[in-house]
Amino acid sequence: MARMIWHVTMSLDGFIAPPDDSAEWMFGFGAAGPLGAETMRRTGAILSGRRGLELGNRPGEGARAIYGGAWSGPVFVLTHRPAEPLDGVTFLSGDVGKAADLAREAAGDRDVGVFGADVARQCLRAGLLDELVVHLVPVLLGGGVRLFDSPDLGPVTLRKTRCDDPGQITDLRFAVVR
């Protein structure tokens, strides 16, 4: 069965997006290391929130610029806001479990990449998330969207399974402890 992997870039002060939702802060520190490339190769489908999809598609790089355009595959977007159709993107509403099932089926023997803080939080709450891969960028954003902000969910225990430090970006992989 496909693993559900929350794959995200985070600032040193714990934010995955600044207040203006720009993505430029992530770039200029070099590429993610082998863990980033491995995670991308293992990804067979993506489950995202609408905001996560919009942040992942940088202006000027086309509608499907996920992983800088180096990846293609089915994308499932769980949203409450109607959207214009996009090639390769299925917009869903409702239960995160059903959305995860669709993404897993589409991923086949590969993994499902989870994008976006809200969808990841829903996956954690439902017991669906297996791993967290974080690219830690040496920048302080000072505000924005936190990696995890859910006091009602309580502590979530993780076990570090890998740490790569190939340059300016530190790549971390954690397993969700159940």
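Analyst: Let us start with one residue. This is a predicted model. Setting aside neighbours within four places in sequence, arginine 42 is in contact with Arg3, Ile5, Arg110, Asp111, Glu131 and Arg173.

User: What makes Arg3 a contact of arginine 42?

Analyst: A contact needs heavy atoms within 4.5 Å. Arg3 is in contact with arginine 42, so the two have heavy atoms within 4.5 Å.

User: Why is arginine 42 called buried?

Analyst: Buried means under 20% relative accessible area. Arginine 42 has 16%, so the label applies.

User: Where is arginine 42 found?

Analyst: Arginine 42 belongs to helix α1. This helix covers residues 34–42. Its buried residues are Leu35, Gly36, Thr39, Met40 and Arg42.

User: How do you know on which side of α1 they lie?

Analyst: Look at the arc around the axis. They cover only 165 degrees, so they sit on the same side of α1.

User: What do the buried residues of α1 pack against?

Analyst: They pack against strands β1 (4–11), β3 (43–49), β6 (111–115), β7 (131–137), β9 (158–164) and β10 (170–176).

User: Why is serine 11 called buried?

Analyst: Serine 11 is found in strand β1. Its relative accessible area is 0%. The cut-off is under 20%, so serine 11 is buried.

User: Which residues does serine 11 contact, leaving aside neighbours within four places in sequence?

Analyst: They are Trp25, Leu136, Val137, Val139 and Leu141. Compare a pair by distance: serine 11 and leucine 172 are 161 residues apart in sequence, and their C-alpha atoms are 13 Å apart in space.

User: Now the whole chain. How do you know that its radius of gyration agrees with a compact globule?

Analyst: Set the value against the rule. For 178 residues, a compact globule would have a radius of gyration near 16 Å. The chain has 15 Å, so the two agree. Its C-alpha atoms fill a box of roughly 40 × 35 × 30 Å along the principal axes.

User: How many of the 178 residues count as buried?

Analyst: The share is 47%.

Technical notes: Residues are numbered from 1 along each chain as its sequence is written. This is a predicted model: local features need pLDDT of at least 70, side-chain atom pairs count only at pLDDT 80 or more; totals for chains, interfaces and linings use all residues. Side-chain values use heavy atoms; hydrogens and water are left out. The radius of gyration is taken over C-alpha atoms; the globule rule is 2.2 Å times the number of residues to the power 0.38. Buried means under 20% relative accessible area, exposed over 50%, partly exposed in between (1.4 Å probe, protein chains only). Helices (H or I, at least four residues) and strands (E, at least two) are DSSP runs, numbered from the N terminus. The arc is that of the directions from the helix axis to the C-beta atoms.
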